[in-house]
Amino acid sequence: AFTLSNPARPVLLAAARSERLERMLSRSKITRSLVSRFIPGEAEEAVMEAVGRLLAAGHAISVDYLGEDISHPEEADRTVAAYVSLLEAYRRLEVPATDGVSRLEVSIKLSALGQSLPGDGEALALRNARTICAAAETAGAWVNVDAEDHTTTDSTLGIVRELRKDFPSVATVLQAYLHRTEADCRDLAGAGSRIRLCKGAYKEPAEVAFQGKEDVDAAYLRCLKVLMEGDGYPMVASHDPRIIEAAQSYAREAGRSPHDFEIQMLYGIRPEEQDRLVGEGLTMRTYVPFGDDWYGYFMRRLAERPANLVFFLRSLVGR
Ligand code: FDA
């Protein structure tokens, strides 16, 4: 089973930042075929095909245009254009919201919109995010601002607070492995607040984050309880059966209906379980990434699960 103390995890998360390895792996055909397990394609048509299938099967979706840590504002322009075009495609789907829940969402990363560029990076990211939020509003879609490494948390929560003044449905992500998160959950559990709770996918130092799986899982359950007992809309992002069960029982205890919270999982991970939860009448949102900048995302998935890594290494050596 996965553990945050998995010995390969720090190496893989460090490798996720290696440009040399990225160049090498991106050229390999084998990598590309493995990547397709987690990413339906690089082009908008490919992701929209996957979205169509998921919606038809009763899922809600959140699409992420892959990219992070840019070094030029023009890269952010490309990301904004990709989201605007995707949201145009959403409009053509005409999927109405049910019980106030939009089945269509986009997930954005502020680092891909300019957040860490020197000078006015944060202001640029806010402007870019606003453009995406306006396009999403026209399409009847929600927007979620993803969480990245802990050095960005304050800046991200600040930008989300600004965005919510004009677009109150904008959601963000809290990472249970950070020591600060239980307090952030209390702050952000109010009415109208949508919070995705995840364990956290980055390599973080012990000063700011729990390191062992048991500590992270316990922190997740504490945070989940705060969100479920609050007045907001909790979004439970996890593939962990214990967490999914706890979410359902905390929701029952808090008197929430299946429309007052949702479960979220990543494309390609536990797909049968995702369908089973849809069958139980829960709101199940599948996070679907697309685009050619898949390297960091793919490496974080390998780091999460030794079985994914073994599968990958076996294919590289041809057995
Ligand atoms: P974990 O990886 O601890 O797995 C626990 C158990 O789940 C396993 O023991 C197994 O039983 C089951 N399981 C997991 N993977 C499986 C597989 N492939 N096949 C079968 N069983 C499996 N992170 C972040 O830092 N910022 C963000 O914005 C987001 N956003 C986000 C959105 C969504 C929708 C999801 C699902 C996740 C994220 N994450 C994220 C990633 C998150 O932080 C975390 O790294 C992964 O979800 C892995 O943690 P799990 O909670 O899934 O459990």
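Is I39 buried or exposed? I39 is buried, since 26 other C-beta atoms lie within 10 Å of its own, where a residue counts as buried with 20 or more such neighbours, as exposed with 12 or fewer and as partly exposed in between, the C-beta atoms being placed from the backbone. The model is a predicted one, in which local features need pLDDT of at least 70 and side-chain atom pairs count only at pLDDT 80 or more, while totals for chains, interfaces and linings use all residues. Residues are numbered from 1 along each chain as its sequence is written.

**Around I39**
- I39 sits in the loop between α3 (29–35) and α4 (44–56), with helices (H or I, at least four residues) and strands (E, at least two) taken as DSSP runs and numbered from the N terminus.
- Apart from neighbours within four places in sequence, I39 is in contact with P289, F290 and W294, contact being defined as C-beta atoms, placed from the backbone, within 7 Å.
- I39 and C198 are 159 residues apart along the chain, and their C-alpha atoms are separated by 19 Å.

**Strand β8 and its partners**
- Seven of the seven residues of β8 (residues 284–290) are buried, with M284, T286, V288 and F290 on one side and R285, Y287 and P289 on the other.
- Strand β1 (residues 60–65) pairs with β8 in the parallel sense over six bridges, pairing being assigned if DSSP finds at least two bridges between two strands, and S62 stands opposite Y287.
- β7 also pairs with β8 in the parallel sense, over four bridges, and Y287 in β8 is the bridge partner of L266.

**The ligand shell**
- The ligand is surrounded by 25 residues, of which D146, C198, A201, A237 and S238 are the closest; a residue is near a molecule if its C-beta atom, placed from the backbone, lies within 6 Å of it.
- β4 (171–175), α10 (241–253) and β7 (262–266) each supply at least two residues of this shell, and the largest share, three residues, comes from β7.
- The shell has 14 nonpolar, five polar and six charged residues, where Ala, Val, Leu, Ile, Met, Phe, Trp, Tyr, Cys and Pro count as nonpolar, Asp, Glu, Lys and Arg as charged, and the others, Gly among them, as polar.

**Helices α5 and α6**
- The axes of α5 (residues 73–93) and α6 (residues 121–139) come within 8 Å and cross at roughly 10 degrees, the axes being lines fitted to C-alpha atoms over the stretch in contact, with angles from 0 to 180 degrees between N-to-C directions.
- α5 and α6 are therefore roughly parallel to each other, a description for angles under 35 degrees.
- The residues of their contact divide into twelve nonpolar, three polar and one charged.

Terms used:
Angles under 35 degrees count as roughly parallel, over 145 as roughly antiparallel, 65 to 115 as roughly perpendicular and the rest as oblique. Two residues are in contact if their C-beta atoms, placed from the backbone, lie within 7 Å.
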